[in-house]
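Keep the viewer open and follow along topic by topic.

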Amino acid sequence: MSNPQYWNGQQPGRMAPNNFFSLEPYRQRKDASRVSIIEKYDVLGYIAAGTYGKVYKAVGKQHANLNQLYAIKKFKSDSKDNQVLHYTGISQSAIREMSLCKEINHQNISTLKEIILENKSIYMVFEFAEYDLLQIIHYHSHPEIKPINKSSLKSIMFQILQGLTFLHENWILHRDLKPANIMVTQNGVIKIGDLGLARRFNNQLQTLYTGDKVVVTIWYRAPELLLGARHYTPAVDLWAVGCILAELLSLRPLFKGEETKMDNKKHMPFQENQLLKIMQILGTPTVNEWPTLNKYPEYHQLQRFTMFPSNLKAWYTNNGGVDEDCLDFLSKLLIYDPNVRINSLNSMSHEWFKQDPLPVSNIFANSTMKYPKRRIHKGDNDILGPVNNNNNNNNNNIYSNKRKTNLNNIQPNLNMGMNMNINMNDLTSSQKRNFASFMNNSSNIGFENAKRRN
Amino acid sequence: MSADFWVSTQRSHWQFTKEQLSNARLSISTWEKQKFSNNAIIVRYDTNVRIYIHQMIAKLGRRLCLRQIILVTAEVYISRFLTKVSLIEVNFYMLITTAVYLACKICECPQHIRSVLSEARNCWPEFISIDFTKLAEFEFYLIEELNCFLILHHPYDSLIQLVKVLGSESSIEKSLSSNSKYRLNLTDKEIGHSWQIINDSYMTDLPLLYPPHIIAIASLHLVLILQLDLSDLDNTQISKTKSTRANSNGSNGSNTSANMNMNMNTNTNMNMNLNLNLNLNSNITKNNQPLISGLNIKLPSLDFNKQTTINDNKVKATNKKNISGQYGLRRKLSHTLRQRMTNSLSPEKFASSQMENSSNSNNNTSNIANGVNNSRIEAFSNFLAGSNVNLGQVMEAVQSLLYLYEEWQHYDEVAVRQSIKTLVMTISSITTNM
């Protein structure tokens, strides 16, 4: 097939053979000079896993980073059989997170140290954050309810908004704000993490909806998204912030709807239950308070519901709230009309932040709570190997899988850098196939790995 | 940051000084000479090759129906990549394909890897293998070589801002720019031409050297001063596109020069005065702004000498020598302008040209239209003088652009394609032997 003599001749119109070169000389030079990730970091174990891949806790072992803690996010590579990895094109989600994290730098956004491309995998090395809000909320609600103190609560909110304002000022929508994605460092500094769904929204070549049919985890999804908005604004992030504030107050998700799964081949399902949960607390939206309401694709679905009165104040009082400013702030974050909803910059000058206790830079400053550290899962320190069994880790995870919505399943993380234009249903089915093959293979994979190490 | 060039990684990590850039290129060529004794196959990364890259990106982009911003993003990736890697280390056509594939994702218009690959195979069947993992592999190495800095700032946004500040004729923009004190009334055509020049700027080092606003100003400057609003330029651009499309070999260059020569002849027939060379175009289009006088007005203010004496025809005699018949129009423009640049950039020469100014001022053949254009250029000059823009950089950018257009006269697509073919085939045979 590859007779070099043949190729030295001029053969017009000939198709390139499979092994036609792309970058061999260059690759050899580069691979020879690359410092391996395992020479820079000692992996202690993994701390989280999902469809995107795994996050490992690691400690620096070179002089410059000695004993520093890191969280290394490894994007899953597509590997059918255990060892033979091949390149499949980087997913849109990974490209977004890499490019945005490299470009931005803010104290309330998780700090990227470096990105290592090695062994057909992508490793994003972040500074380690010991806690996240999901963990903190869980600790406050188990086994008995222990409310988060006012100073911490306000400081958390203020720092989230600082980070979010920064993102919005840089034309970036986060689109997946939820407690699990808000990290807290040992020193009590908020770090917004997981920019895998984030994107720039200036110079849109196509609508936001065309790019991603589904954004934001269902419980934190803004009403305009539930109504099928094609164009939406940074206000979707503010809605999620409102939901987070309510969750910090009551230690339960505010709108805990059931996600309607995709059934029809063509259409995105209408998230009836989620909208119902919202209306039960905020009342039924009217064209009066939300003038463009009847322009939304799913507007007609509202006829399904009975009329609900607004109950937010009652909800607030029932959850032990007494601070009028806090209630006012919450209600401004949860305004139905995205054009009226408070924006991130204005929200930071809300009256609530001017009243005692003032927000502080260490959210733990006035707290006596001792939160448990992240649990490290041993048994998979092989960061260079393929990410294999991420679907059976929930048994030893203190957070039940219910808390994690299936958003990650919707994100097209896999499959040839598949773009987001494709039918969601195809994706889900391919995800299902992957899942099935994982379930079939995972025990074998684990076994083989063990054997190989021995 | 992604909204502010001044704190962007483009500025902090991917903006070179001229010296750094030439050092980087020097070390590559040194490496090439050490590595390959066979000099015959080495392809120099010169303007010819860059025009070819530009056109190959456009070719693939047309097949995939991609937007311009994606294509220029890919082109910047390639420029950056080639400051670190020699062309003889990689498959030239795979590099183009990979850069386009990556740029699609960054611009939030992702294309499936297989469709990018199959269109690339349609474009260059001899050089692109059907194995998509090679494209995916190259993506890794491309990103690594770019240090994962993928978000770019382009001059197009700067141009839009400039238009808002300077004022335009378009009714949509008018409301935005009604408060503009400059009132340049830029026409859509002028804005369009600036846009095209920005497109062309990606074939130069400008995106590696200067902030985007410098490039935008330079292109607008070129349009205003030279009145590049020339229908014959449009023609050549069309003929270029056509010839690329039809893959007709080398007809490009000849077409272009044919056009130019024709124009030239008309010119000489119509005007004995070189100063009125461009009046040919004013007959075709509505704009009539003599080249030389425009230059006269512009350059003093660029030196922060707010000489507002207008309509002087400086140093006509020296121009006459350079603009003798055998050059194409584009080339003449470049010669003239560069002559003026070098003169005005050094103080002594500037002073002497001022003297000539006054002595020549009698020869003025100003007219009303001229006055209108001049006042616009004056307004533009005032704007630049009042801004904090680095005018030295603007001038260098203008020169780079003119150099590009000059080189384009000698562009030989067949030769470039052939030498790249030889290169890729040779390297391929070496690597498959290994």
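What percentage of the 454 residues in chain A do buried residues make up? The answer is 42%. Please keep in mind that this is a predicted model.

**Chain A overall**

- Chain A is built with 15 helices and ten strands.
- Take the contacts in chain A between residues at least 6 apart in sequence: 69% of them join residues at least 24 apart.

**Where the chains meet**

- The contact between the chains involves 49 residues of chain A and 49 residues of chain B.
- On the chain A side, the elements that give two or more residues are α1 (4–8), α2 (24–33), α4 (92–103), β4 (112–118) and β10 (199–200).
- α4(A) supplies the largest share of that side, with seven residues.
- Sorted by class, the side of chain A that touches chain B holds 24 nonpolar, 16 polar and nine charged residues.

**Strand β2 of chain A and its neighbours**

- Strand β2(A), residues 53–60, is largely enclosed by the rest of the structure, because six of its eight residues are buried.
- On one side, β2(A) pairs with strand β1(A), residues 41–50, in the antiparallel sense over eight bridges.
- The link from β1(A) to β2(A) is a hairpin through two residues.
- β2(A) is also joined by seven bridges to strand β3(A), residues 69–75, and these two strands run antiparallel.

**Two helices of chain B**

- After α7(B) comes N147(B), which has a positive phi, near 55°.
- Helix α4(B) has 14 residues and reaches 20 Å from its first C-alpha to its last, close to the 20 Å expected at 1.5 Å a residue.
- α4(B) is mostly covered, with eleven of its 14 residues buried; these include I70(B), E75(B), Y77(B) and R80(B).
- Among the elements that cover the buried residues of α4(B) are α3 (47–64), α5, α7, α10 (188–201) and α11 (206–209) of chain B.

**A closer look at I281(A)**

- I281(A) sits in helix α10(A), residues 272–282.
- Why does I281(A) count as partly exposed? It has 17 other C-beta atoms within 10 Å, and a residue needs 20 or more to be buried and 12 or fewer to be exposed.
- Leaving out residues up to four places away in sequence, I281(A) touches L254(A), N311(A), L312(A) and W315(A).
- For a distance check in your viewer, I281(A) and E103(A) lie 39 Å apart, C-alpha to C-alpha, and 178 residues apart in sequence.

Definitions and conventions. Residues are numbered from 1 along each chain as its sequence is written. Chains are lettered from A and ligands numbered from 1 in the order in which they are written. This is a predicted model: local features need pLDDT of at least 70, side-chain atom pairs count only at pLDDT 80 or more; totals for chains, interfaces and linings use all residues. Two residues are in contact if their C-beta atoms, placed from the backbone, lie within 7 Å. Helices (H or I, at least four residues) and strands (E, at least two) are DSSP runs, numbered from the N terminus. Ala, Val, Leu, Ile, Met, Phe, Trp, Tyr, Cys and Pro count as nonpolar, Asp, Glu, Lys and Arg as charged, and the others, Gly among them, as polar. Two strands pair if DSSP finds at least two bridges between them. The expected span of a helix is 1.5 Å times one less than its number of residues.
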